[in-house]
Amino acid sequence: GAAAAGGAGLWWTGGGGQALGGGRELVQPEVLSSRDGALDLALEAAPARVRIGARTAHVQAFNGSLPGPTLRVRPGDTLRVAMTNGLDDPTNLHVHGLHVSPQDNGDNPFVSIAPGETFDYEYVLPGDHPPGTYWYHPHHHGHVADQLAAGLYGAIVVEDPDPVPVARERVLVVSDITLDASGNLAEVSPPQQMMGREGETVLVNGQVRPEATAAPGERELWRVVNACPSRYLRLTLDGQTLRLSGRDLGRLPEPVELTEVTLAPGNRVELLVDTREGTSTLGAAPVDRGSMDGMMGGAMPGDGPGNDEPIELLTLEVAGDRAGDAGPVPAGPSLRDLREEPVEARRTLDFAMGMGGMGGMMGSMRGPGQMMSFTIDGQQFDAERTDQRVRVGTVEEWTLVNSSPMDHPMHLHVWPMQVVSEAGRDVPGPRWQDVVNIPAFGEVTVRVAFEDFGGRTVYHCHILDHEDLGMMGTVAAR
Ligand code: C2O
Ligand code: CU
């Protein structure tokens, strides 16, 4: 909270971005779709100049646009990406949420693409891959937060062979960025890294508070991606309930009516919006995700605009002749429930922050005065070490414990997680996610079916500064 913000202007100025402008028609990122079972494309991560509000911003982007192109594939397709590093730092690519092999040139988080080099990724989606909204972003340890904060992300849609009929779909990639007066990317401070940086300006498809228009009586599908490096989005649609039709792993058996839905960094939701005359605003309400104030003796700065004041993301203007009635929503797939399957092993992972961190923070943080370490089971990330060994073809139950005073959203690559209990209470219905928030001093239990692929990959906090500071472990499935 901002209460402890003595002198915090040094680190952030809340909400300043909202003054940048708005009222522009929402644009969709360029769409690249698969044909005959394959999508081949080149992606270059490079410095770019883009328009943000009224100013020219010097960012980093995929193929010169922020967000990068939306990739549309189908279950069973092969996605080939020739990824070129046009940056000054090493980078690589992660297809967040896709259930594809982590080996070799698949979704391999250990690949390092040096500046000037190209790496050819090939991702083969199983024929029963869940349709839904996914995304891509760089994943080079030590540079992930910087590269997302600079503008490197894009959406992936795995098309539903049996979709809900809608008048139109909109992909809404929500991100945040901090620019200085000349439109350059601002430096991040050590305290911001500890809290997880939140950019001053919140963007939807690279735009500040854009405007979408529709006729009354139309049904739209909104695919919302939280591509912010650290910001939680507690979404509201003023005056209306949100009709949640899908989460990270796609379609729900039936839509759920909610007054709000919270996306941790990395999460997606699919919303069905039945338009009605007038103006409504998709907003992000303040979020309490714990605070390090206690630990830091009340000296921490506020942790960004999202935690303190509501943000307007998008305005929907509905006017004109009534388009008719959208009708009932057909039922979605019934979801697998791992609670009905035998569990091979149970383990507990402990997410912690500590003072001191031998050889950790000192070596990995820039600038003086840092002394906090981010660990899982007492250890910082080491690519050479294997932290969990699992057997392919088995179901495991992992209890994720947070012994720190702030939330950590945990992401496991390749294999989706079913959330079975939160704070000791059963979660009704199969709820599948690939990022699961572990509340401050709380715990969450998930089940994972380690199947279809063997190989070695990672799990980590999706507050990407925490990941870069060591809150990541490795898992090998054999
Ligand atoms: Cu979206 Cu391992 O990351
Ligand atoms: Cu974290």
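Is Asp36 buried or exposed, and how many C-beta neighbours does Asp36 have inside 10 Å?

**Entry 1: ground rules.** I am working on a predicted model, where local features need pLDDT of at least 70, side-chain atom pairs count only at pLDDT 80 or more, and totals for chains, interfaces and linings use all residues. Residues are numbered from 1 along each chain as its sequence is written, while chains are lettered from A and ligands numbered from 1 in the order in which they are written.

**Entry 2: Asp36.** I looked up the opening question first. Asp36 counts as exposed because 6 C-beta neighbours lie inside 10 Å. For burial I use these cut-offs: a residue is buried with 20 or more other C-beta atoms within 10 Å of its own, exposed with 12 or fewer, and partly exposed in between, the C-beta atoms being placed from the backbone. Asp36 sits in the loop between β1 (31–33) and β2 (38–52). Its phi is near 50°, a positive value in a residue other than glycine. I note that most residues other than glycine have a negative phi, and most peptide bonds are trans.

Entry 3: Asn205 lies in the loop between β11 and β12 (211–214). Asn205 is buried, because 22 other C-beta atoms lie within 10 Å. On the peptide bonds, I found that the one from Leu66 to Pro67 is cis, with omega near -5°. Pro67 belongs to the loop between β3 (55–62) and β4 (70–73).

**Entry 4: the chain as a whole.** I read 4 helices and 31 strands in the protein chain. Helices (H or I, at least four residues) and strands (E, at least two) are DSSP runs, numbered from the N terminus. The chain has 478 residues, of which 48% count as buried. Among contacts with a separation of 6 or more, 79% come from residues 24 or more positions apart. Contact here means that the C-beta atoms of two residues, placed from the backbone, lie within 7 Å.

**Entry 5: a sheet of 6 strands.** I traced an open sheet with mixed pairing, in the order β11-β10-β13-β18-β15-β16. Two strands pair if DSSP finds at least two bridges between them. At the edges are β11 (201–204) and β16 (250–258), each pairing on one side only. Neighbouring strands are turned by 25° against each other on average, direction ignored; the axes are lines fitted to C-alpha atoms, for helices over the stretch in contact, and angles run from 0 to 180 degrees between N-to-C directions.

I went through the pairs next. β10 (residues 168–177) and β13 (residues 219–226) run in the parallel sense over 7 bridges, with Arg170 opposite Trp222 in β13. β13 and β18 pair in the antiparallel sense over 7 bridges, and here Glu220 stands opposite Val273 in β18. β15 (residues 242–247) is antiparallel to β18 over 3 bridges, with Leu244 opposite Leu271 in β18. β18 (residues 268–274) is mostly covered, with 5 of its 7 residues buried.

**Entry 6: two domains.** I took the bounds from the domain assignment, which is automatic or from a database; it gives domain 1 (2–318) and domain 2 (338–477). Across the boundary, 34 residues of domain 1 are in contact with 37 residues of domain 2. On the domain 1 side, α1 (144–150) and α2 (190–195) are the elements that give two or more residues.

**Entry 7: the core.** Which residues have the most contacts inside the largest nonpolar core? I found Ile156, Val174 and Val224, in a core of 106 residues. Such a core is a set of buried Ala, Val, Leu, Ile, Met, Phe, Trp, Tyr and Cys residues joined through C-beta atoms within 7 Å. The core draws at least three residues from each of domain 1 (2–318) and domain 2 (338–477). Leaving aside neighbours within four places in sequence, Ile156 is in contact with Leu71, Val95, Leu98, Tyr134, Trp135 and Tyr136.

**Entry 8: Ile463.** Ile463 is buried, because 31 other C-beta atoms lie within 10 Å. Not counting residues up to four places away in sequence, Ile463 touches Gly196, Ser230, Pro265, His408 and Pro409.
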